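Please read it beside the sequence and the coordinates.

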Amino acid sequence: MPKKIKQNDWTKPAAMAIPKEGYFELEQGRYGPVFPKTPACYGFTIIAKVKPGKVDTVRAYSKTIEDAVAGDPHCLAVLKLHYLRWVLFDIGKETYFMYQGIFDTDFDKYTEDAVELFSITGITTVFVNLEGFPEDWKTNTPAFVKFVREHQRPSFLEYGEYPFVSADEIKKALKLKAAFSAMLDQMQ
Amino acid sequence: MLELDDIQYILLTRAPALTGRYVFLSFQNPEGGRAWLAGIHEKVHSVQAARASIEKDNRWVSVAFTWNGLQALGLDEASLATFPEEFKQGMVARAQMLGDTGDNHPDNWIGDLASPDLHAIVILFARNTAERERCQAEHQKLIDQCEGVKVLSSLDLDAIPPLEYSHDHFGYRDRLSQPVIEGSGEEPTPGSGAPLKAGEFILGYPDEKDQSANLPQPEILSRNGSFMAYRRLQEHVGKFRDFLRENGQTLEEQELIAAKLMGRWRSGAPLVLAPEKDDLTLGADPQRNNDFTYKKMDPHGYAVPLGSHIRRMNPRDTGENMNRRRMIRRGATYGAPLPTDAPEDGVDRGIAAFIICASLIRQFEFAQNVWANDRNFHELDNERDPIIGNQDGTLEFTIPKRPIRKKITGLPAFTSVRGGAYFFIPGLKALRYLASLGSKNIL
Ligand code: HEM
């Protein structure tokens with residue numbers, strides 16, 4: 001990582017240019033190279049071709065997730081997410097699915113937890129509609145990870161207005177703010 | 001139904017041994033290796049056999065192989081290819097991810113454990129030293145008869161006095177929390193969780209996801225086997241005691257610091273249940289000493305710091321999918337204890353442990369990579385496991401406390417990795433299968 005970017009100074013917006021490989025130094029994780037934490041935290045951008053005739057199925061799954069989170073707001077907690085963005089787009093006659101996530105843990109570290117979670121919330125089924133997704137993903141985590149890694153497009157620039165701050169820290173700060181204003185109110 | 005007459009005893013039982021020896025072997029040709037295996041496999045206890053005679057037996061033997069070792073015995077390529085990737089690669093290739101860098105790097109390992117020629121381990125536990133020496137002499141005779149079988153190194157294990165209870169060189173009582181396997185006939189102690197599906201630890205049975213997929217082939221080889229990560233960890237006892245003295249003014253404070261690093265008092269009493277003062281009877285009482293959780297009982301870590309060893313290695317109800325991440329621990333201490341008032345003497349002493357699980361990558365490697373060495377575990381920012389994390393003197397240890405937390409900076413490394421390997425520990429039939437490879441009459 002470039003030395004000049006300090007990880008603990010959230011007051012200074014920061015940008016990071018990332019080499020083509022997606023990392024600065026090759027550091028092995030359990031399932032392959034580890035992608036670095038950037039001013040925009042960890043994240044991935046998975047792009048894959050949707051199987052013919054499955055575009056509507058993919059689109060409909062947004063509702064599945066909406067319902068799952070409405071039912072249990074903390075059901076995705078293990079992913080340590082900030083944001084998810086799902087996008088469908090066409091190239092020629094083909095439709096592609098882009099799954100972008102920004103989160104606070106190196107995805108690889110918690111892959112098995114993620115795979116487990118996917119089977120509970122129904123996110124999996126989205127992947128099932130993508131070309132090349134391993135049929136035996138439920139029993140073959142390494143194959144699942146391989147698919148994700150092969151379809152991951154690493155960023156070459158990431159920017160954070162409040163760099164490196166985790167979702168938990170933000171939530172803590174907001175909680176503190178709420179408590180503090182309640183206290184101030186009571187002192188009026 | 002667990003095939004207790006086929007599973008090696010060490011997976012489910014603990015031998016009442018006070019001494020032991022690990023012998024690390026290399027096979028220069030397949031015939032020699034198989035002859036050795038044919039000579040020793042009958043000495044290996046199954047769970048059933050060990051249980052039947054645990055009172056009168058004096059020694060217990062286990063045998064396991066590296067992937068290179070299976071190849072050296074002449075296992076065919078097709079079969080070798082069905083083993084999990086991390087096992088094929090071996091522990092040395094996984095060093096960076098495991099945190100085995102710097103002082104812990106395989107270049108600094110001893111006993112030739114980092115060598116690709118490491119093929120097998122024999123784990124001998126014995127009731128006393130005389131029995132250990134007798135077994136050793138007998139084993140040496142067998143080795144001498146088998147051409148091309150070479151001893152790379154060996155390690156003597158000895159329990160540390162006082163012998164009434166098991167503890168390590170730092171003085172912590174050990175062997176308190178262990179997962180229990182469904183159908184093993186064992187009852188979990190209160191707090192240890194419901195029995196887990198056998199497939200989490202033994203190949204060939206359904207696991208917590210009701211699967212028993214992707215097993216090494218042929219089935220006779222993998223069934224009733226397991227994987228085992230070996231870790232030889234040197235304990236820097238003098239440095240550890242200096243650290244306690246530097247951070248605690250009184251003996252009571254020093255004991256508390258020791259307890260905070262571990263999550264338990266050295267007596268074994270869990271901090272969740274005894275946050276302020278040690279409680280010796282609690283520490284020694286299996287009905288109570290593991291009966292706690294974190295989410296409700298200690299959410300902020302005021303009793304057990306979030307980064308302490310036991311809270312990392314088993315976050316209990318604060319972790320995800322915990323049933324998929326449990327490990328069975330075996331092993332013993334080695335090296336002469338450092339007398340209480342002696343300064344560090346540089347003698348190699350520590351723990352030589354086995355972490356047994358059905359999936360090294362999902363269980364052991366996760367524990368090592370994430371729980372022990374992820375600096376951001378539990379939002380801690382700049383910490384690793386104070387006992388087994390990769391410490392280079394730049395990291396911290398936070399002790400949450402009202403009203404203000406205490407942060408210890410520049411935490412030293414209390415342990416160093418001195419060796420390690422991934423082994424496959426086959427069932428008894430599989431041992432016979434391996435011994436008879438290459439000959440026509442298989443079984
Ligand atoms: C010098 C090295 C080590 C020392 C001194 C040490 C010491 C201890 C002690 C005293 C306990 C508490 C007793 C108990 O719960 O049974 C414990 C628990 C545990 N340790 Fe270690 N340990 C070491 C290495 C390791 C390694 C390498 C692993 C695995 C990667 C590991 C995994 C665990 C687990 C899973 C527990 C049980 C936690 C629980 O269920 O609450 N330890 N250790």
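In this predicted model, helix 1 (residues 30–40) and helix 7 (residues 129–145) of chain B approach each other so that their axes come within 9 Å and cross at roughly 145°. The crossing of helix 1 of chain B and helix 7 of chain B is right-handed. On the side of helix 1 of chain B the contact is made by W36(B), G39(B) and I40(B), while helix 7 of chain B contributes H139(B), L142(B) and I143(B). Sorted by class, the residues of this contact comprise four nonpolar and two polar ones, with no charged residue.

**The interface of chain A and chain B**

Between the two chains, 20 residues of chain A are in contact with 21 residues of chain B. Together, chain A and chain B bury about 1,900 Å², and 45% of that area lies on carbon and sulfur atoms. Of the area that chain A buries against chain B, 34% is supplied by R30(A), K109(A) and E116(A), which is more than any other three residues give.

The polar side of this interface can be described in terms of residue pairs. Eight residue pairs are in polar contact across the interface of chain A and chain B, with both residues at pLDDT 80 or more. The elements that give two or more residues to the side of chain A that touches chain B are helix 2 (111–121) and helix 5 (167–187) of chain A. Helix 2 of chain A gives the most to that side, with four residues. By class, the side of chain A that touches chain B holds five nonpolar, five polar and 10 charged residues.

Which residue of chain A meets the side chain of R325(B) in a salt bridge at 3.0 Å, N to O? One such partner is E112(A), whose side chain meets that of R325(B) at this distance. R325(B) lies in the loop between helix 12 (309–313) and strand 6 (328–334) of chain B, whereas E112(A) belongs to helix 2 of chain A, so the pair joins two chains. The side chain of R325(B) also meets that of D113(A) in a salt bridge, again with an N to O distance of 3.0 Å.

**Chain A and points of the backbone**

Chain A contains five helices and five strands, which follow the pattern β-β-α-β-β-α-α-α-β-α when read along the sequence. Taken along the principal axes, the C-alpha atoms of chain A fill a box of roughly 65 × 40 × 35 Å. Within chain A, C41(A) has a positive phi of about 65° although this residue is not a glycine. C41(A) is found in the loop between strand 1 (14–17) and strand 2 (42–49) of chain A.

In chain B, two cis peptide bonds can be set side by side, as the table shows.

| Cis peptide bond | Omega |
|---|---|
| P161(B) to P162(B) | about -5° |
| Q217(B) to P218(B) | near -5° |

P162(B) lies in the loop between strand 4 (149–158) and helix 8 (219–222) of chain B, and P218(B) likewise has its place in the loop between strand 4 and helix 8 of chain B.

Technical notes. Residues numbered from 1 in each chain as written. Chains lettered and ligands numbered in written order. Predicted model: local features only at pLDDT ≥ 70, side-chain atom pairs only at ≥ 80, totals over all residues. Heavy atoms only, no water. Axes fitted to C-alpha atoms, helices over the stretch in contact; angles between N-to-C directions. Left-handed = near helix turned anticlockwise from the far one by under 90°. Contact = heavy atoms within 4.5 Å. Nonpolar A, V, L, I, M, F, W, Y, C, P; charged D, E, K, R; others polar. Buried area = accessible area lost by both parts, 1.4 Å probe. Salt bridge = Lys/Arg side-chain N within 4 Å of Asp/Glu carboxyl O. Polar contact = N/O pair within 3.5 Å; in protein donor to acceptor, adjacent residues only side chain to side chain.
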